[in-house]
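Okay, thanks for coming, everyone. I've got one structure to walk you through today, so let me put it up on the screen.

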Amino acid sequence: MTTSGTAGGISAALTSFAGPARPYQGGDPYADYRAAAELPFGHLPDLADRRLGGAVTAANDEFFAERENLLVPGPACFDPERFGHKGKVMDGWETRRRRGPSAAHPYPADDDHDWALVRLGVPGVVRGLVVDTAHFRGNHPQAVSVEAAALPGTPSPEELSADGVRWTVLVPRTPVGGHAANAFAVDHPHHCTHLRLKQYPDGGIARFRVHGEPVPDPAWLTALGTVDVAALENGGLVEDASDRFYSSPLGTVLPGRSRRMDDGWETRRRRDRGHDWVRYRLAGQSLLRAVEIDTGCLKGNAAGWAALSARDAAAGGEWTELLPLTRLRPDSVHRFPLPAHPVATHLRLDIHPDGGIARLRVHGTLTEEGVRALEKRWDGGGA
């Protein structure tokens, strides 16, 4: 595997957690878990999310625990009594202990490491990484590194490992702590499609999160024509929201219909006279044709009313009402054609007074200006 000699512009670890955590003492296994209070990139979606199509396509070793666990949604679980035929069952990716070549040299070489290849569910610009070693206390890696590549299509692990593939360092070899959320801010302007996670010399990692901004292939969206320009997989992004108490508004732009109440966006109960809202950045400047507001699985807590506004930031436009305040039904899909076909880069969903929305679908077509701007982002010329 070849690697480019230049780093991608990385910051140091946001919080340094040194060495192993104490052995498990009983009770809540997360009681002594080490993590930063807040991550500057934590509001951005996980580009490696399995729901978007992310996958761990290969690993050199997964003797104790499968590589696929790295991308499982939600925190890692720990059962102190669970053992299997290979030893302790861990919710993460864990490799066997490395040894040297002989009794005279029993220790692994300095550069010995294990690796896993991660395919992002949607291409994008990485803004932050979390290498989570939850529950790996004395069996976590001593250090990790992360590299990125951008390849078209769906390359095999062998193609990704071939000579000539350009890998750019996002995180150089850096010490990490056990039972901790080891977080790294990344400053690299180019989109990537695959990451290579290395752990030195061996050990276990519970979860791997890749926070960033989606940058879909403009040629694909152009070929499709009318698409959901708010969808995360097509480059849509939640920019801000009034409330994220029960679940994140990122859920409203995930693929498919919601399967559970917490699979969308739900706010706390308001006790004032205000209302809640979400602001979206669309895939690019688009001609909007229709919208869907889905309250699936939200029955006693769906939003009561909703309104939509749009803005074309590319033309310096102001917010314009698309849909006046409209009554919503619980657990239902509401469809609204937009006969005027407004042009917009941003959308704002207002719900009154509070509650939940499962999905928002915004069907539209990228304008010529929208395609040009997306091509610039795809080529690394803008965020």
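Ground rules first. This is a predicted model, so local features need pLDDT of at least 70 and side-chain atom pairs count only at pLDDT 80 or more, while totals for chains, interfaces and linings use all residues. Residues are numbered from 1 along each chain as its sequence is written, and side-chain values use heavy atoms, with hydrogens and water left out.

So, what's in the chain? We have three helices and 22 strands; helices are DSSP runs of H or I with at least four residues, strands are E runs of at least two, and both are numbered from the N terminus. The radius of gyration is 23 Å, close to the 21 Å from the globule rule for 383 residues, so the chain is as compact as a globular protein of that length. That radius is taken over C-alpha atoms, and the rule is 2.2 Å times the number of residues to the power 0.38. Along its principal axes, the C-alpha trace spans about 80 × 50 × 35 Å.

How much of the chain is buried? Of the 383 residues, 51% count as buried, where buried is under 20% relative accessible area, exposed is over 50%, and partly exposed is in between (1.4 Å probe, protein chains only). Now contacts, meaning heavy atoms within 4.5 Å: among those with a separation of 6 or more, 80% come from residues 24 or more positions apart.

Nonpolar side chains in soluble globular proteins tend to be buried together. Here, the largest nonpolar core has 68 residues, and Leu 129, Leu 195, Phe 208, Ile 293 and Leu 347 have the most contacts inside it. Strand 6, residues 114-132, gives the most to this core, with eight residues. By nonpolar core I mean a set of buried Ala, Val, Leu, Ile, Met, Phe, Trp, Tyr and Cys residues joined through side-chain atoms within 4.5 Å. Take Leu 195: leaving aside neighbours within four places in sequence, its contacts include Leu 129, Trp 167, Phe 208 and Val 210, and also Glu 147.

Which residues does a cis peptide bond join? Tyr 200 and Pro 201, with omega about -15 degrees, and Pro 201 sits in the loop between strand 10 (192-200) and strand 11 (204-205). There's also a cis bond from His 352 to Pro 353, omega near -15 degrees, with Pro 353 in the loop between strand 20 (343-352) and strand 21 (356-357).

Then positive phi. His 135 isn't a glycine, yet its phi is about 75 degrees. It's in the loop between strand 6 and strand 7 (143-149) and counts as buried at 6% relative accessibility. Cys 297 isn't a glycine either, and its phi is about 70 degrees; the loop there runs between strand 16 (276-294) and strand 17 (305-311). Cys 297 is partly exposed, at 24%.

Last stop, Leu 237 in strand 14, residues 237-241. Leu 237 is buried, with a relative accessible area of 5%. Leu 44 is 193 residues away in sequence but 8.2 Å away in space, C-alpha to C-alpha. Leu 237 touches Leu 44, and its other contacts include Pro 45, Pro 214 and Tyr 280, not counting residues up to four places away in sequence.
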